[in-house]
Amino acid sequence: MAQISPKLLIPESFQVSRDDITGQLGLIWELIKVPLIVPLLKFGVYICLTMSLMLFMERLYMGVVIILVKLFWKKPEKRYNFELIQDDEELGSSNFPVVLVQIPMFNEKEVYKISIGAACGLSWPSDRLVIQVLDDSTDPAIKLMVEQECQRWASKGINIVYQIRENRTGYKAGALKEGLKRSYVKHCEYVAIFDADFRPEPDFLRRSVPFLVHNPDIALVQARWRFVNADECLLTRMQEMSLDYHFTVEQEVGSATHAFFGFNGTAGIWRIAAINEAGGWKDRTTVEDMDLAVRTSLRGWKFVYLGDLQVKSELPSTFKAFRFQQHRWSCGPANLFRKMVWEIIQNKKVKFWKKVYVIYSFFFVRKIIAHMVTFIFYCVVLPLTILVPEVKVPIWGAVYIPSIITILNSVGTPRSIHLLFYWILFENVMSLHRTKATLIGLLEAGRANEWVVTEKLGDAVKKAADAAKNKTNAKAPRKFRFKFTDRLNTLELGFAAFLFLCGCYDFVHGKNNYFVYLFLQTISFFITGIGYVGTII
């Protein structure tokens, strides 16, 4: 048989530079770019611009409504029946309803005393208050310390119960559900919930319970979080900026317009009858608080948000803890949306516009679109358009709209306005993890139900620093708990390399000066990738 020449199988354009790998790759790129890459990238740009407009309209709507609420809406005390419960010498404490306080915790060595002490200090008749410490700790030493702390307060006449389970089934939702089954809480009408790092002021119940007592259609009163360690490091300042917008705008608008918002899982007080009517606590997602809130709202119950009732708490100050928290907060809502969207559509008890608000605004735009557009547009599509000059991104989509959205997001924390630039870069980095978690939740993939308790350091860092200052001997070298390699985040480093290459290409060949943004974003991804974010322990 005649021998077939290789030249018959290889296109002539490839034969010219078949020894030049770079040249061959370049030819392949040119062959697929116009028929495949350009249409796909244009489609990606159109999708991202659409999502940007959706997010922009949502933020603009929220901005307009919050201005109207602040100028013209009545305070919650005026919108609803409200009258402080007064002490009565003749009736004694019988005019006060019985309130249960639940404190779920898991290996909370650094903060357990804070929440227990704050709960025991609540201004409420002792015979009308039951404090329940739900300890799921796996460390025997910590369990003993928590139990002893409960015994110490019980010896002072406080009605406090230390409650444990045989297993952690259902995690926090399971603990709260199990706590409500106990016989000694059957006479309680309301339940206040505080995570282990939360410290309510003594008047918390006196300011929140009257809304429930005098308004039988209200199921939940939610307080605002305040952060005791916001100034600990740049990571906590960034978190404060994001969460302050959530409380100042999102929760306030939801409460004023639809009497609905997502329960924050802590610093709130529920009507137990409403919890039971909605089916109780469920552990089908990692956002049991939001799950309960949506189910309760679909049964016609109302929620009240009190922005001036503030509860001190702690922000995660290590990047590892923050990442786990963000995974749970992003994956859970997406997974819940998947499970409940049809139930919301079919519901007959709530108005049409409330359904639209819950499905479109509360879930779709805020919990899904907001994460995805930030990452896909500004960390993937926009850098790729630099490599494909045939695809253009309009200036309004690349600069103007994101700038306005950023400014609207900053209204919650005016004191940090000078950190807005750093916040943008950091949020873009975190959007990588939030998008990943959102997709896991929507697809109900492997880590959809992963629950990792957010680590709280309490005063541990401060105490260690003070101890180091007070040492009179030579300063010992600092010991790190983790090796440098343990802090490396390969995903962030990979994107840092990608953005750096795109920035270099734009610096040499580009016309839009995107390389300025790309190099700055590269630095952000790189710093995060090597783990030098937050408190280093």
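Biologist: How many positive and negative side chains does the chain have, and how far apart do the centres of the two sets lie?

Modeller: The chain has 65 positive and 51 negative side chains, with the centres of the two sets 3 Å apart; Lys and Arg count as positive, Asp and Glu as negative, while His and the chain ends are not counted. Each charge is placed at NZ of Lys, CZ of Arg, CG of Asp or CD of Glu. This is a predicted model, in which local features need pLDDT of at least 70 and side-chain atom pairs count only at pLDDT 80 or more, whereas totals for chains, interfaces and linings use all residues. Residues are numbered from 1 along each chain as its sequence is written, and side-chain values use heavy atoms, leaving out hydrogens and water.

Biologist: What makes strand S3 and strand S7 edge strands?

Modeller: Seven strands form an open sheet of mixed pairing in the order S3-S2-S1-S4-S6-S5-S7. Two strands pair if DSSP finds at least two bridges between them; strand S3 (160-164) and strand S7 (302-313) each pair on one side only, and are therefore the edge strands.

Biologist: Why are strand S5 and strand S6 called paired?

Modeller: Strand S5 (residues 218-227) and strand S6 (residues 268-271) share three bridges in the antiparallel sense, and because at least two are required, they count as a pair. Within this pairing, Val221 has Ile269 in S6 as its bridge partner.

Biologist: Which strands does helix H6 touch?

Modeller: Helix H6 (residues 171-180) packs on the sheet, touching strand S1 (99-105), strand S2 (129-135) and strand S4 (190-193), where contact means heavy atoms within 4.5 Å.

How values were computed:
Helices (H or I, at least four residues) and strands (E, at least two) are DSSP runs, numbered from the N terminus. Axes are lines fitted to C-alpha atoms, for helices over the stretch in contact, and angles run from 0 to 180 degrees between N-to-C directions.
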